[in-house]
Every structure is written in C-alpha cells, then in structure tokens.
Amino acid sequence: MRQINDAQVARPVLAVVEVAAADAETAFAIQELLAAHRGIALADRTTREPGEPGVWLRCFLDLRQEIDSEHQEEGELDPVTG
C-alpha cells in the first residue's frame with residue numbers, strides 16, 4: 001500500500017485505517033461498520049498484493065464526526081480538512 005502522508009494524520013482526531021481481510025466483501029463490511037458510527041472517507045476498491053493472501057482496504061476516519069447512521073452521506077468527508 002502507499003505510504004501514509006503527514007496531512008492524513010495531521011490532527012489527533014484523524015486516523016488512517018487499514019483493513020486486511022480474506023476478500024473484498026469482508027473488507028467493505030468492516031468499512032461500513034466504521035462508517036455507521038464516525039465520519040469516514042470511504043474507499044471504493046481493495047488492493048491485492050501479488051503472491052499474498054487476502055486484500056487490503058484503506059479508509060480515513062475522523063473521530064470528531066459522530067454519525068447518525070440513518071443520515072449518513074457517503075463521500076462527504078475530506079480526510080485532510082474534515
């Protein structure tokens with residue numbers, strides 16, 4: 001995966017979350033669990049390393065933004081500026 005840059009974790013309330021899972025369906029399910037509770041910049045694809053089992057997914061979490069899952073809108077959060 002790409003390196004994490006300083007802007008992605010510039011404040012204590014920002015986090016980069018990397019999910020390793022057996023398949024993309026599982027990785028996206030974990031992402032959805034996170035998105036149900038906090039502001040998140042959703043990943044739209046997983047990454048597979050040649051010769052390695054499973055997939056990786058990277059998303060960006062903002063702990064300042066607690067989400068009511070009934071009113072969540074995808075893709076609205078910028079992982080750097082919030």
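Predicted model: local features only at pLDDT ≥ 70, side-chain atom pairs only at ≥ 80, totals over all residues.
**Confidence.** I looked up pLDDT before anything else. The protein has a mean of 77, and 65% of its residues reach 70 or more. I then turned to residues 78–82, where pLDDT stays under 50. The model still has 14 contacts for residues 78–82 beyond four places in sequence.

**Helix α1.** I took α1 as residues 24–35, which makes 12 residues. Its first and last C-alpha lie 16 Å apart, close to the 16 Å expected at 1.5 Å a residue. At the start of the helix I found a side-chain oxygen of Asp-23 within 3.3 Å of the backbone nitrogen of Glu-25.

**Faces of α1.** Which residues of α1 are buried? I noted Ala-27, Gln-31 and Ala-35. They are on the same side of α1 because they cover an arc of only 80° around the axis. Glu-25 and Leu-33 are exposed, on the face turned away from the buried side.

**Core.** I listed the largest nonpolar core and got 11 residues, among them Ala-27, Ala-35, Ile-40 and Ala-43. β1 (14–21), α1 and β3 (55–66) are the elements that each give two or more residues to this core. β3 gives the most, with 4.

**Ala-27.** I checked what this buried helix residue touches, leaving out residues up to four places away in sequence. The list is Val-19, Ala-21, Thr-46, Val-55 and Leu-57. Val-19, Ala-21, Val-55 and Leu-57 also belong to the core.

Technical notes. Residues numbered from 1 in each chain as written. Heavy atoms only, no water. Expected span 1.5 Å × (residues − 1). Buried < 20%, exposed > 50% of the residue type's maximum accessible area, 1.4 Å probe, protein only. Arc of directions from axis to C-beta. Polar contact = N/O pair within 3.5 Å; in protein donor to acceptor, adjacent residues only side chain to side chain. pLDDT = per-residue confidence, 0-100. Contact = heavy atoms within 4.5 Å. Core = buried A, V, L, I, M, F, W, Y, C linked by side-chain atoms within 4.5 Å.
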